[in-house]
Structure formats: C-alpha cells, structure tokens
Amino acid sequence: MSALDLDLVPLLAAAAEDGSLRLHFQPEVDLVSGSVVGMEALLRWRHPERGLLWPAEFFDVAEAAGLVRVLGQWAFRVAVAECRAWAERACPTEQATVKLWLNVAAAQFTAPGFLVAMERLVRGRALPPGALGLEFTEQTLAISQVSAPRLLGRLRALGLALAVDDFGMWYASLATLDALPLDAVKLHRRFVQAMLRDVEGEALLASLISLAHRRGMVAVAEGVETPAEAARLASVGCDRALGYLFCSPVAGEQARDLVDDPRGRYADRVPGARRVRDPMMATGV
Ligand code: G
Ligand code: MN
C-alpha cells in the first residue's frame with residue numbers, strides 16, 4: 001500500500017461544507033428482466049487540482065484523519081434526500097420500485113449514535129417501504145462482531161434492507177452468511193473473473209450463490225463488464241448485477257431518469273434465459 005497522502009487532510013476536512021463532495025449512483029440490474037431494481041450511492045470528491053477522486057483515493061486518508069463519519073453523514077443526508085425525491089416523483093406511499101443502497105463505513109456502524117441517527121433519518125423523511133438498504137463489508141461486520149447481530153436486527157426492524165458488500169475480499173467468513181440477518185450478498189468482481197477463468201472458479205461462485213439463496217438472500221454480482229459475464233452469471237443463478245456493461249455511476253439527474261423508467265431498461269443486455277423468479281421481487285425486499 002502506498003503512503004498516505006496527508007496533504008489531502010485539510011481539504012478533505014472542509015469537503016463536507018464546501019460543495020466539493022458528490023454522490024453518484026450506479027444501477028443494479030435484475031438479470032432476468034433487465035429492470036433497474038436498485039441504485040448504489042457512491043461518494044466522489046472533487047479535488048481542486050486532481051479532479052474527481054474515488055473513495056479508493058481518499059478513504060484511507062479520511063480514516064487516518066478521523067473524517068469518515070463526517071463524510072458518511074454528508075453522504076447519508078444527500079442520499080436520503082435524493083431517495084425522498086425519487087419517492088415523490090413516483091408514488092410516495094407505495095413500495096419503492098428502485099431501492100437505494102448506501103455504503104456504511106466501520107466508523108459509522110460502530111459509532112454509539114448510529115442506530116438513533118438512522119431512525120431519525122428514516123422516520124424524519126417518511127420514506128416509502130423498501131426505499132433504502134445499507135451495505136457493510138465483511139470487515140465492518142467482523143469489527144462489531146458482538147453487537148452486529150442485534151444492531152442489524154434493529155436496522156431491519158426500521159424497514160431497511162441489509163447487504164454484505166465486497167463479499168470474498170476479506171475472509172469470506174461463511175458465518176457471516178449463516179448467522180446475520182442479511183437480505184443480499186454482493187459478490188466482488190474477483191468472483192466474476194474467477195468464474196470465467198476456470199471451472200473451479202465457476203464452481204466457487206455457484207456455491208456462494210446457492211448458499212445465499214438457501215439463506216433467503218439475493219446474490220448480486222459487482223463489476224460486470226461484458227455480455228458474456230452477464231450470461232454466465234445468469235446461468236449459475238446470480239440474481240442481479242452492477243457494472244459498466246449496464247451503466248457507470250452517474251450523477252443525480254441521470255439517476256432520476258433511470259428511476260423514472262426502470263422497467264426492462266437493460267433488457268437488451270441480459271440473456272433472459274432464466275425462468276426462476278428473483279426471490280427479492282417476490283418478497284418485496
Ligand atoms: O462499494 P463497492 O466496493 O462495491 O464499490 C464499487 C466500486 O467499483 C465503485 O467505486 C464503482 O464506481 C466501481 N465500479 C462500478 N462498476 C464497475 C465495473 O464494471 N468494473 C470495475 N472494475 N469497477 C466498477
Ligand atoms: Mn458497495
């Protein structure tokens with residue numbers, strides 16, 4: 001890992017107030033229908049000289065400088081306001097057709113006031129059912145091993161969907177899938193690549209998907225870039241995918257356009273060969 005660029009700290013400390021943070025949105029696509037069923041909110045930071053930076057370029061510095069919670073709070077506030085705007089454009093009381101997924105950093109999840117803040121945010125904005133989901137990496141769930149099951153249970157009781165993110169990037173602890181109340185498993189791009197590399201890779205991916213399904217979770221592949229990847233994913237039973245094949249992360253205005261017209265949006269890019277229904281579609285999660 002490269003040394004931390006601590007020169008970024010003063011600028012980053014001001015970012016939540018100076019208008020240089022952005023939230024982009026990437027559609028999550030159902031591999032049977034090609035419909036947009038979710039959006040992942042992704043934080044970006046416009047640096048005055050270096051241009052638009054991705055979290056990978058500034059998150060380690062933010063962590064070292066204790067700025068993760070401030071950035072996270074900004075992202076949550078903006079994302080929930082956006083979600084509210086989507087609901088108003090559709091029908092505010094009906095089940096949301098496109099769920100907004102937010103990434104939760106460990107520093108946020110382990111902060112004492114997290115649950116109360118989420119409660120206030122969700123209730124205060126009167127979001128429709130199914131409007132919001134939270135993503136946690138395996139590390140985050142492991143750090144808060146003792147409190148995680150209870151906390152996740154309380155978040156779920158608020159009507160939030162819960163997902164484990166980047167699954168397989170750390171220890172891919174199967175206990176995560178076995179013991180925690182989760183709705184979705186987001187599989188890291190490495191599994192998509194492994195699937196295409198050899199039969200062992202495909203078997204590994206297929207067994208993770210099957211395990212997720214047996215636990216009542218939806219399997220979501222990340223970083224899908226080609227039609228061949230989408231077709232293979234569908235053939236091993238993967239439910240949903242995000243990636244450049246469908247759409248890169250886009251700014252708010254374009255995201256609204258996608259949310260207004262999500263049905264069959266990317267039907268031309270999914271093989272449509274599976275006859276099994278998306279389990280989340282059935283439960284409304
Ligand atoms: O939260 P998560 O670690 O899942 O973030 C995913 C990151 O990957 C985002 O920053 C997003 O912009 C990026 N990304 C999105 N689609 C693709 C893709 O198709 N390929 C690759 N390599 N990266 C992607
Ligand atoms: Mn994510």
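Reader: At what angle do the axes of helix α9 and helix α10 cross?
Author: The axes of α9 (residues 189–197) and α10 (residues 199–214) cross at roughly 135° and come within 6 Å. Axes here are lines fitted to C-alpha atoms, for helices over the stretch in contact, and angles run from 0 to 180 degrees between N-to-C directions. Helices are DSSP runs of H or I with at least four residues, numbered from the N terminus. This is a predicted model, where local features need pLDDT of at least 70, side-chain atom pairs count only at pLDDT 80 or more, and totals for chains, interfaces and linings use all residues. Residues are numbered from 1 along each chain as its sequence is written, chains are lettered from A and ligands numbered from 1 in the order in which they are written, and side-chain values use heavy atoms, with hydrogens and water left out.

Reader: Which residues make the contact?
Author: F191, A194 and M195 of α9, with G201, E202, L204, L205 and L208 of α10. Contact means heavy atoms within 4.5 Å. By class there are 6 nonpolar, 1 polar and 1 charged.

Reader: And α9 with α11, at what angle do they cross?
Author: Roughly 90°, with the axes of α9 and α11 (residues 227–235) coming within 10 Å. That makes α9 roughly perpendicular to α11. R189, V192, M195 and L196 in α9 meet E229, R232 and L233 in α11. This contact has 4 nonpolar, no polar and 3 charged residues.

Reader: Switching to ligand 1. Which residues come nearest?
Author: Q26, R44, E222, E225 and Y244, of the 16 residues around ligand 1. A residue counts as near if one of its heavy atoms lies within 4 Å.

Reader: How far is the polar side-chain atom of R44 from an oxygen atom of ligand 1?
Author: 2.8 Å. For E222, an N or O atom in the side chain is 2.6 Å from an oxygen atom of ligand 1. In E225, a polar side-chain atom lies 2.6 Å from a nitrogen atom of the ligand.

Reader: What percentage of ligand 1 does the protein bury?
Author: 76% of the 520 Å² that ligand 1 exposes when taken alone. Those areas come from the Shrake-Rupley method with a 1.4 Å probe.

Terms used. Helices (H or I, at least four residues) and strands (E, at least two) are DSSP runs, numbered from the N terminus. Ala, Val, Leu, Ile, Met, Phe, Trp, Tyr, Cys and Pro count as nonpolar, Asp, Glu, Lys and Arg as charged, and the others, Gly among them, as polar. A polar contact is a pair of N or O atoms within 3.5 Å; within protein, one must be able to donate a hydrogen and the other to accept it, and residues adjacent in sequence count only if both atoms are side-chain atoms. Angles under 35 degrees count as roughly parallel, over 145 as roughly antiparallel, 65 to 115 as roughly perpendicular and the rest as oblique.
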